[in-house]
Amino acid sequence: MESMTKNLKKTAIIGIVLMALLICRLAYIQLVGGTELAEATRAQSLISLEGSNTRGIIYDRTGSALVADKKQYVYIIKEENFDYQTAKLLKETGAREVSSDNEGYYVYSSESYDKNMGKKLIEKYHAYILQASARYGEDQTAAHLIGYVNQRDSSGASGLELMFDEELSVLNRNIYAVADVKGNILPGRGLLITEDSTGDSYVKEGINTTVGKELQGAVEEIIEEEGKDCAVVVLDSRSGGIMAMACTPAFDPNDVSSYLEADGDQLINKATQGEYAPGSVFKIIVAAAALEKGVDESKTYTCTGETQVGGLSIGCETGGEEGHGSIDFETAFADSCNSFFIQLGQEIGSDAIIHMAEKFHLGEKTLKGYPQEKAGHLMTKAERQGAAIGNLSIGQGETLVTPIQIARMTNIIAAGGIDRGVHILMEDEVAEEQVISGNTAKTIGSMMEGTVKMGTARTLELTGQDDMPEAAVKTGTAEYVQDGEMATHGWITGYTPSEEPEYTITVFMEDGSSGGNGAGGVFEKIVAYLKESGSYSKPTLA
């Protein structure tokens with residue numbers, strides 16, 4: 001019995017000693033040995049996996065991810081094991097080289113994975129193949145709106161990535177594959193995510209945008225098929241939220257450097273940065289200025305086919321050589337009669353037109369805080385003297401607008417004269433502003449319906465049962481000089497349904513003939529998609 005008691009005491013003492021040693025070791029690791037361990041870690045090779053997602057997520061209006069929603073396969077091969085056959089195999093898998101400064105290694109990535117190819121790369125070239133989440137897909141949706149990140153430090157460089165860089169960034173956060181001092185990937189270590197400067201290794205939730213991912217994708221497909229440079233903005237008519245924003249030519253955010261070195265405009269977001277003459281879509285402004293000033297909607301002028309303003313002769317493209325003859329307000333708007341609107345502009349004066357344009361927030365940036373946006377230009381007092389009233393009244397001359405400004409302008413009509421602004425975050429609330437009277441907005445809306453029924457958009461399939469218009473629109477053609485010759489851009493802007501609008505759509509097409517043709521076809525296809533996809537909340541158009 002005494003012997004057993006001694007053994008128990010001895011065991012207890014040994015246990016206490018071991019526990020004390022363990023506590024001391026843990027204390028050493030935490031308080032003293034951290035520096036040594038950090039140095040040991042730094043002795044290992046960290047192979048940077050550029051293009052992997054290191055930031056918060058950008059979501060659409062339903063919570064679907066707009067970025068980092070696809071996996072990528074990363075291939076890491078030592079330089080000594082890499083030859084032209086390796087490059088050929090990687091190309092066959094659809095992999096491309098990742099731009100990096102990884103000395104001693106080639107790093108490639110692909111969205112798809114072929115088991116047989118992967119087996120060859122592993123067995124013959126000792127490749128390491130890992131899976132990670134890619135920031136951008138090969139066919140990244142909403143690329144111009146989202147923008148891209150700097151490859152060096154994963155900071156936002158343009159678009160939403162830059163606008164919300166603070167919300168999306170985790171300072172100095174990078175993803176690495178870990179190799180030992182001999183260059184071998186450490187089994188079981190997988191991917192190492194560095195911590196930020198505060199020691200926290202977290203990823204923020206991200207931002208929730210107003211974009212509709214499926215609608216965005218549909219719009220991109222539609223304009224890609226056109227083969228011409230386009231810009232499209234689709235707003236939620238009831239809130240001013242951006243549901244889709246797209247332009248062509250598109251760009252790949254995984255390969256930005258190739259566009260920076262090129263002469264093209266792939267990186268330009270034409271919806272916010274493109275400044276163009278508005279052409280006849282500006283007649284919405286002139287009409288609003290006249291109606292608010294008391295001009296009766298039954299007003300008539302005579303169109304002879306051209307109008308003399310000072311020494312300037314301006315033709316009426318839709319009236320032909322003989323002109324429209326006596327034409328009333330509604331018909332002139334629907335058929336976009338230049339002669340009518342020039343005479344109307346002369347009656348109300350340039351100050352009234354510019355004042356109304358300012359009330360519609362033309363000449364200023366639309367999307368608060370968005371980094372890639374231009375303000376356009378409204379004609380100055382000096383620019384609109386004398387004969388310039390002719391060009392001002394039909395949206396020509398020095399007047400410049402962006403597609404997103406025209407979308408906002410149109411949404412004011414759709415909202416009964418109320419400006420709901422334009423925003424991109426779901427939680428944003430914009431103070432509403434009554435810009436024009438409800439009666440003026442209703443009259444212009446009726447004229448826009450007339451454009452579909454009997455005017456410049458009558459050839460488009462925008463009517464439903466009983467030939468009632470499903471959309472209310474205004475088309476426009478803007479002239480510009482290209483290579484010393486006159487060319488035209490096409491515009492169409494409007495909303496749908498024409499009663500209780502849900503979507504406001506603006507389409508701009510470079511070298512797009514008249515707005516009722518090229519740009520009008522895009523508008524028509526977007527409306528058809530909304531109908532076929534059941535996107536309307538009202539059963540009459542679903």
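**Overall architecture**

The model is predicted. Its protein chain contains 18 helices and 20 strands. Of the 542 residues, 51% count as buried. The accessible surface of the chain comes to about 25,300 Å², and carbon and sulfur atoms contribute 48% of that area. Among contacts in the chain with a separation of 6 or more, 69% join residues 24 or more positions apart.

**An enclosed helix**

Helix H13 spans residues 338-348 and is largely enclosed by the rest of the structure, because 8 of its 11 residues are buried. The buried positions of H13 are Asn338, Ser339, Phe340, Phe341, Ile342, Leu344, Gly345 and Ile348. Just after H13, Gly349 adopts a positive phi of about 90 degrees.

**Two helix pairs**

Two packed helices are described by the angle between their axes and the distance between the axes. The table gives these values for two pairs.

| Helix pair | Residue ranges | Axis distance | Crossing angle |
|---|---|---|---|
| H11 and H14 | H11 residues 283-292; H14 residues 350-359 | within 9 Å | roughly 110 degrees |
| H3 and H4 | H3 residues 84-92; H4 residues 115-125 | within 10 Å | roughly 160 degrees |

The axes of H11 and H14 cross at roughly 110 degrees. This angle makes H11 roughly perpendicular to H14, since values of 65 to 115 degrees count as such. The crossing of H11 past H14 is right-handed. On the H11 side, the contact is formed by Ile285, Val286, Ala288, Ala289 and Glu292, which meet Ala352, Ile353, Met356 and Ala357 of H14. By class, the residues in the contact of H11 with H14 comprise 8 nonpolar, no polar and 1 charged.

For H3 and H4, the axes cross at roughly 160 degrees. An angle over 145 degrees counts as roughly antiparallel, and H3 and H4 are therefore roughly antiparallel to each other. Their crossing is left-handed. From H3, the residues Gln85, Thr86, Leu89, Leu90 and Glu92 meet Met117, Lys120, Leu121 and Tyr125 from H4. By class, the contact of H3 with H4 has 5 nonpolar, 2 polar and 2 charged residues.

Technical notes. Residues numbered from 1 in each chain as written. Predicted model: local features only at pLDDT ≥ 70, side-chain atom pairs only at ≥ 80, totals over all residues. Heavy atoms only, no water. Helix = DSSP H or I, 4+ residues; strand = E, 2+ residues; numbered from the N terminus. Buried < 20%, exposed > 50% of the residue type's maximum accessible area, 1.4 Å probe, protein only. Contact = heavy atoms within 4.5 Å. Areas by Shrake-Rupley, 256 points an atom, 1.4 Å probe, with all protein chains shown as cover. Axes fitted to C-alpha atoms, helices over the stretch in contact; angles between N-to-C directions. Parallel < 35°, antiparallel > 145°, perpendicular 65-115°, else oblique. Left-handed = near helix turned anticlockwise from the far one by under 90°. Nonpolar A, V, L, I, M, F, W, Y, C, P; charged D, E, K, R; others polar.
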